[in-house]
Amino acid sequence: MVKRCWRRVLAPVLAMCALATCAARAEVLVRDDRDVAIRLATPPQRVVTLMPSLTETVCALGFCERLVGTDRYSNWPARVTALPKLGGMHDTQVERLVALRPDVVLAARSTRAVERLEALGLRVVVLEPRSQDEAKRTVATIATLLGQPEQATVLWARIDAQVQAAAARVPVSLRGQKVYFEVDSAPYAAGSTSFLGELLTQLGLGNIVPPALGPFPKLNPEFIVQAQPDLVMAVERNLRDMPRRPGWAALKALQTRRTCAFESRRYEMLVRPGPRLGEAASLVADCLQALP
Amino acid sequence: MSAQEQRRRTRLAWVLALVALLGGAAGLVAGSEGWSLAAFRTMLADGSAELILWQIRAPRTLGAWLTGALFGLAGAIAQGLFRNPLADPYLLGSAAGASLGVVLVLAAGALTGIGLELATADWLSRFGLVAAAFCGALAGVGLTLSLARGAQHTTRLLLAGVVVGVVLGALNDLLTTLAPDALRGKQAFLLGTTGFLGWSSCAVLGAVLLLVLPPGWRLSRVLDALTLGEDSAASLGLPLPALRLVLVVLMALATGTAVSQAGMVAFVGLVAPHLVRRFVHATHGYRLVASAAMGGALLLLADVLARTLIAPQELPVGVLTAVLGGFYLLWLLHRREIAG
């Protein structure tokens, strides 16, 4: 009798508890790069991304079908090119974006667009990774936001494995060689504190840019000539122009063709702090293995 | 004033009012999908009208008109003040100042490493781009005024404006070199866009227009007197330096507000007074008001075009006004050459 009574009372209570935990599980809470807390009752089903690396992260985590729009530069994976293109970070098409009724917008820092979107009642998560730690945190934030935090560990483990496999392929003779990685012909370089610089370090390479200069410093061209990098890496077009820059013909790396020229579609992999960092590492390793 | 001139003025006023109304209606109908009445009807039916029409299109349309009106007004004041039809509202360092303000805020984070106190940087980045642009514009004009030692001499004022523009521009470049992140924000800001205007922007723009237009209208007789030359104007017993200072401040207020809300929209301030002069030969009182209405009408139409020309993509309205305004000026030059 007592037992049956217990069952009668306990069963609904247990069921309610289960429901409550379920509801608690469904609610998501993340902190973005502005340190703003974003709380959603359920994981968002309609997502807009305004930066290629964020688009790629959402897809790599397996939530590509939740995307309803992206910025104009997002082009990977191929299926996102069919989605509505909502301009860039600074000329975001507010009306079109709002009409898509996203539950959440993932964006880089840009006060005007973000402010306006939030004023219109949209939930905006600001994420702009610069180092690998930040990229890792971004992956975790997005996975938590989309309701499957464990996916972040899986994805990052895959990236790590890819990077390690790439590092193992780097010829021993190249270990510690100093790299000049050009991200812009101004010239801006990838410093050792940027996610790119960190990737080069993981591959066992050195960097001509000291950490003190920051992630992407603008250098005096003379600095590069004097530093005499052992290896020069850049997008194809820039690398082709380098010997014509005043004094750059004296760069031994250029003379001996110890260079990595990346084709522009593949180069995108390298400069986006997203889930393709592992592939990017493999790209660099391919080049290093093929060097004379 | 001849009856014919009176008729022309009335006609221009009606045309400008009509363009504003039609442009406003077009601004409400033209959406991100271009001109589509079907889309408009579905939007009214599915309940998103409040959000899309009232929260986005309406303030954007009104905001475009108000921004254009401020630029038109500032342009008319500038051209009257300097007695130069090529003077524009950016002349006295407001553009360079606004741009520097924006870059300062954008670079604040990066600059913490290079000597700025952390507290200052935090305060600066909270300050917001809009306020920074506004203060920058006023500071630029203030610097010009102090370099020119007030507004007594037009030439000195003009030269000081050029110098301030160059120096602030250089500072600007220096900052973006030290903090490259600020560069893309600056470029976006320089582009000029009406896409982010909301009701709060409209309130600010409207309030400043209401604040600047009445005193501008009252002081228009100073501009009329100046058309006779500085000496003649002074001989009329007008306290020229003080009045000119007030006009410069009004111009800076109008420009600074418009720039801070919509960025550097090119050519509206230059072209609007030109167009008004083409149609009527009025005194400055009418000219200021008409230039404001003309500027509003121009930017409103440009905004509707920017939204619809390549819909569903969008052109930055600043690019469109620069192209249209540039061609208008070229055409004007060409005609003058033929006539001359």
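**Rings, cores and the A–B contact**

Q: Which ring does the charged end of A:Arg245 sit over?
A: The ring of A:Trp248. The charged end lies 4.6 Å from the ring centre. Keep in mind that this is a predicted model.

Q: And B:Arg9, which ring does that one lie over?
A: B:Arg9 lies over the face of B:Tyr286. The distance to the ring centre is 5.2 Å.

Q: OK, ring on ring now. How many aromatic pairs over all chains?
A: The structure holds 7. One of them joins A:Phe181 and A:Tyr267, with centres 6.4 Å apart and planes at 15 degrees.

Q: Why is the pair of A:Phe181 and A:Tyr267 called stacked?
A: Because the planes stand at 15 degrees, and planes under 30 degrees apart count as stacked.

Q: Where do A:Phe181 and A:Tyr267 lie in the chain?
A: A:Phe181 is in strand E7, residues 178-184 of chain A. A:Tyr267 is in helix H11, residues 264-271 of chain A. The pair therefore ties together parts that are 86 residues apart in sequence.

Q: Is A:Phe181 buried or exposed?
A: Buried, at 1% relative accessible area. A:Tyr267 is buried too, at 11%.

Q: Which residues form a cluster with A:Phe181?
A: A:Phe262 and A:Tyr267. Together with A:Phe181 they make one aromatic cluster.

Q: Switch to chain B. How do B:Phe71 and B:Tyr90 pair?
A: Edge-to-face. The centres are 5.9 Å apart, with 80 degrees between the planes. B:Phe71 lies in helix H3 and B:Tyr90 in the loop between H3 and helix H4, so the pair links parts 19 residues apart in sequence.

Q: What are the relative accessible areas there?
A: B:Phe71 has 1%. B:Tyr90 has 17%, which still counts as buried because the cut-off is under 20%.

Q: Now the largest nonpolar core. Which residues touch the most other members?
A: The core has 85 residues. A:Leu50, A:Phe181, A:Met233, A:Phe262, A:Leu270 and A:Leu288 touch the most other members. Helix H12 of chain A, residues 277-290, gives the largest share, 8 residues.

Q: What does A:Met233 contact, again leaving aside neighbours within four places in sequence?
A: Its contacts include A:Phe181, A:Phe262 and A:Leu288. A:Leu200, A:Leu205, A:Cys260 and A:Val284 are also among them.

Q: What about a second core, how many residues?
A: It has 63 residues and is separate. Among them are B:Leu81, B:Leu145, B:Leu197 and B:Val268.

Q: On to the interface. How many residues does each chain put in?
A: Chain B gives 31 residues and chain A gives 22. The buried area is about 2,400 Å². Carbon and sulfur atoms give 54% of that area.

Q: How many salt bridges across the interface of chain B and chain A?
A: The rule finds 1. A:Glu95 and B:Arg57 meet in a salt bridge, 2.6 Å from N to O.

Q: Last one: what is chain A built from?
A: 12 helices and 11 strands. Its C-alpha atoms fill a box of roughly 90 × 45 × 35 Å along the principal axes. Of its 292 residues, 51% are buried.

Methods:
Residues numbered from 1 in each chain as written. Chains lettered and ligands numbered in written order. Predicted model: local features only at pLDDT ≥ 70, side-chain atom pairs only at ≥ 80, totals over all residues. Heavy atoms only, no water. Phe/Tyr/Trp six-rings, centres within 6.5 Å; stacked < 30°, edge-to-face > 60°. Helix = DSSP H or I, 4+ residues; strand = E, 2+ residues; numbered from the N terminus. Buried < 20%, exposed > 50% of the residue type's maximum accessible area, 1.4 Å probe, protein only. Lys NZ or Arg CZ within 6 Å of the ring centre and 35° of its normal. Core = buried A, V, L, I, M, F, W, Y, C linked by side-chain atoms within 4.5 Å. Contact = heavy atoms within 4.5 Å. Buried area = accessible area lost by both parts, 1.4 Å probe. Salt bridge = Lys/Arg side-chain N within 4 Å of Asp/Glu carboxyl O.
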